Amino acid sequence: MRLLIVLLIVLLIVLYAQNVMASSCTAPKKLQQVSINEDNLVIAVMRVNNRPVADSIDLYAHDGTFFVAISQLGFLLDLPWHFDIDNHQFYSAYDNSDSTDKLCDFDISLESTGTSRGYWYTDDFDTYIDVLTLSHLFVGEVNFNEKLQQLNFTSVEADLGLKKNKHLQINTFFNEPNVDVYPIVQDAYRLFSHPIVNYRVTASTQRLNGRTNTRYQTNLNANLDLMGLASEYRFIHGSNYTANFAKFSKNIISSNSQDTLLGNLQTIDERAIKYEFGDITSLGDELVSSTKQMLGLHVYSHSQNQRRNFSSIQIEETVLPGWRAVLFRNGQFVAEQTADENNLIVFSQVATFIGINRFSIHLYGPQGQEEYRQKVVHVGQSQLQNQQMDFSLSFGDANKTLFNNSNSESAHYDKNLRATMAYGLNENLTAEVQWNEFVGLDPANSAQAPELSEVNTKPTRFLSTSFDYTKWSSLFRASYVHSNSYVSENGAQDAGQALFLGVNSNIGNSVTGNLSLKYLNDFESDKHSSTRGLRQELKLRLRGKVDFPFKMGLGFNFSEQRFKDMAVRRLMSVNSSQQIIGGTLSNTLQYNEQGESSKLSHSMFLSHNIGAWQVSHNLSWLPIDGQRIERYSMNLRWPQQATTFNETRLSYSSSDNARLKLAHQLSWRTDYFNLQVGGSIDNKGHWNAQIGISGSLYQTGSKYNYRFDKVKGNSARQIEAVAFIDNDRDGKLSDSDEPLSGIKFLGAADWRKQSTQSNGTTKLFTMSDYQAVSVDETSLEDPFLLPSDAKKIVASHAGGINRVYFPLLPVNDIEGSVVALKNGKEKGLLGLTVRLHQIDGELSWETSTQSDGYYFFTHIPPGKYKLLIDHEHLSRLGLQQEQEITVTASELGDIISVDTIALIEQNLIAKG
């Protein structure tokens, strides 16, 4: 049976294709001339190594094979093949430095009679060789697919057909992909913009320990512009808890760049001065400060995560309760988190490695919402700014918020002042100095040491000196910190010191890692409290990828901590992450040892799609200690319906009183809000029933017209896109210009139902800091209108509104044909380069003729142009253009047909 299947496959190949194979260079020494019937012309598509090279090429069928024009083929493949018609020779002239060293070097005689393994044919315009011979010259296979009318070449030379446009790959960790450059529309801050409000209001009834109680909760996130500042407000109100958070910020662009690479959207704000105040997040460092929220002010001249990211960062996203986030770094799973009571999802101590760390965050909402956000963090290159200075100044109180006057998560210090200055000494070395001053450090803030409260009011100061050095695809950091006072147990004040040494490096081609050492000598700070008594810390982290037995990412972590009064603690973990069909699988095996106690645990995360269902599992268990399951959860997202969505969650925890819990939520979607009904029950009989609504509130454009809508997302911002005919061609909307209605824009899937109104404007929602926007040309009723910019990058911030203009200009299409005249015959030529050059300007275009000599230029602005044929190519063919052709492109836009350009033999012109 298996043999029969093989025979059938072979038969199909024979029926649909003709194959000629040559495993080595066996070029014939002579070719025999034959006569062919020119009526057997076949126009085929040409492909080389499975890449399209020509839309059409002339073939002549003859005696079971095909003949192809050598001059056309050599031109398309950029091969140095030459003819000496006078001496009847066809030969190659490869340079030793050519990448075509795998091809056949040949010198073939063209004979009129005799027997040979190859054939040739000539007419008044070209010389043709059969594909049997070409298979030997290419050292590969020539295949003609009759069904698809394709001539396919396969060769041992991989670059065959790429011509001179080689796609080079530079092996560097900081290299972004080569992409087009587009103009940036810089971020705009308004005196006031109506807020985009995302809200959720719920009421729940709970039966617990024989008692029934009812609770209400309101969650609200609002973003807007106020007094020219980006403003964010979070409000949380429950039965026994109320919290308000507000933050104001602004970016002052200091870069002169007005263009960006499309593949670099997440990092184009690096050189900007920024400030923020209110309830801000204070980022930590390796020795002195920890990352936390405080009431304060922060002014800095760089992206926060671009400098203080030697080995880890913190990632925050603002969402409503019930949202779940899955974090990936360079395609590898990192962690899963759910929203906390403050409407935040926080990933702490996320490891970063040398080069580009591309973090993608997949957010899943309780009503079926799915959002995708991205953050790109560079480690190494962006740390170093040759002869440039970065600064940072912040101060605040970690025990207060703007409205509540006390932070629910109290810190063990009250106030902090921090000033940082970094300067690039050269392209490899950056020096940094940092000053920290704290009030309220432990233990004086602790109830266990009330006698030190007076000491606690005195500030504790830290002076840090750091150096960053990059070399050999590695980043090295050394930091030394001196503290002016250390409060010991007996109340004495002594100096303390700390040292940090680290390297973040590439190891080989597929492994990155970082190694860090800390030494603390009577040192206490916010990062290292005196209650822990840490003396030394060693950390090693490795990340890499393997392709066998299947593709997956691997990681290894090791840490060792030595304390003053506690046993040594060691932690070691090995993890793997791989993309499976429709999902992700991650496994982590961790060993934790401290003193005489040790623990081996295994955790697994699995998320996959089964048809339209999405299932995620999160398991943590002890493989040795009785094989006990510590935690397990399964989240099942049902198939999306037009108006409903269901989500079911089963969870188990060995440490809870009620270990097993089953919850379900049903959501109805309306045009104005989402209605949620849900409940849960555990193995103790405790139950909870909940009802709520959620949605967004924003202004639609009219002065007092607000719209209730489905949740837009907590990072939503608006783009006002304006389309108009630019009659005065100044790129600006003026009285003489004509706004266009019905124009649609590309950039996000949910824009497809939106189009410009009579004033030429529409509002588009986006979640991205930098959004690519382009006109959907299919929505243009006039085919001869074209946007002056194919695409623009619009910078915006959450709650902001930025306007982008798309002037449209009339354009023309220009078409014609180029033919050769010989001995009273006329024939179109394939592959001729035709150039269109502006007479009174610098604009130019280039195209190639098809097999019948046809050429076509599109989107040509009004003006006068010259049509030129490539002179070098004409010289090889012994042809010349009789006269220069000029073309006038219409001011209104049109299709312009140019008279046929006739090429004649050069000797005829000389005789004339």
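Predicted model: local features only at pLDDT ≥ 70, side-chain atom pairs only at ≥ 80, totals over all residues.
I will start with the nonpolar cores. The largest one has 34 residues. Which of them touch the most other members? They are M46, L73, W81, F90, L134, F138 and F153. Several elements each supply at least two residues of this core, including the strands β3 (41-48), β4 (51-62) and β12 (150-155), and the helices α2 (70-77) and α3 (131-138). In general, nonpolar side chains in soluble globular proteins tend to be buried together.

Leaving aside its neighbours within four places in sequence, F153 is in contact with M46, L73, L134 and F138, among others. The contacts of F153 also include R47, N49, N50 and E141. Apart from this core lies another, of 28 residues, and F347, F359, I361 and V379 are among them.

Next, the rings. The count of aromatic pairs comes to 19. I will show two of them. Y60 and Y128 form an edge-to-face pair, with 5.4 Å from centre to centre and 90° between the planes. Y60 is in strand β4 and Y128 is in strand β10 (residues 127-130), so this pair ties together parts that are 68 residues apart in sequence. Are these two residues buried or exposed? Both Y60 and Y128 are buried.

The second pair is F724 and Y805. Their ring centres are 6.3 Å apart and their planes are at 80°, so this pair is edge-to-face. F724 belongs to strand β46 (residues 717-725) and Y805 to strand β53 (residues 801-810), so parts 81 residues apart in sequence are tied together. F724 counts as buried because its relative accessibility is 0%, and the cut-off is under 20%. Y805 has a relative accessible area of 31%, so Y805 is partly exposed.

Back to Y60 for a moment. Ring pairs link Y60, Y121 and Y128 into a cluster.

What sits over the ring of F806? The charged end of K792 does, 5.4 Å from the ring centre.

Last, the serine. S474 is found in strand β31, which covers residues 474-487. S474 counts as buried because its relative accessibility is 5%. Leaving aside neighbours within four places in sequence, S474 is in contact with I354, Y469, V503, N504, S505 and N506.

That is the end of my part.

Notes. Residues numbered from 1 in each chain as written. Heavy atoms only, no water. Helix = DSSP H or I, 4+ residues; strand = E, 2+ residues; numbered from the N terminus. Buried < 20%, exposed > 50% of the residue type's maximum accessible area, 1.4 Å probe, protein only. Contact = heavy atoms within 4.5 Å. Core = buried A, V, L, I, M, F, W, Y, C linked by side-chain atoms within 4.5 Å. Phe/Tyr/Trp six-rings, centres within 6.5 Å; stacked < 30°, edge-to-face > 60°. Lys NZ or Arg CZ within 6 Å of the ring centre and 35° of its normal.
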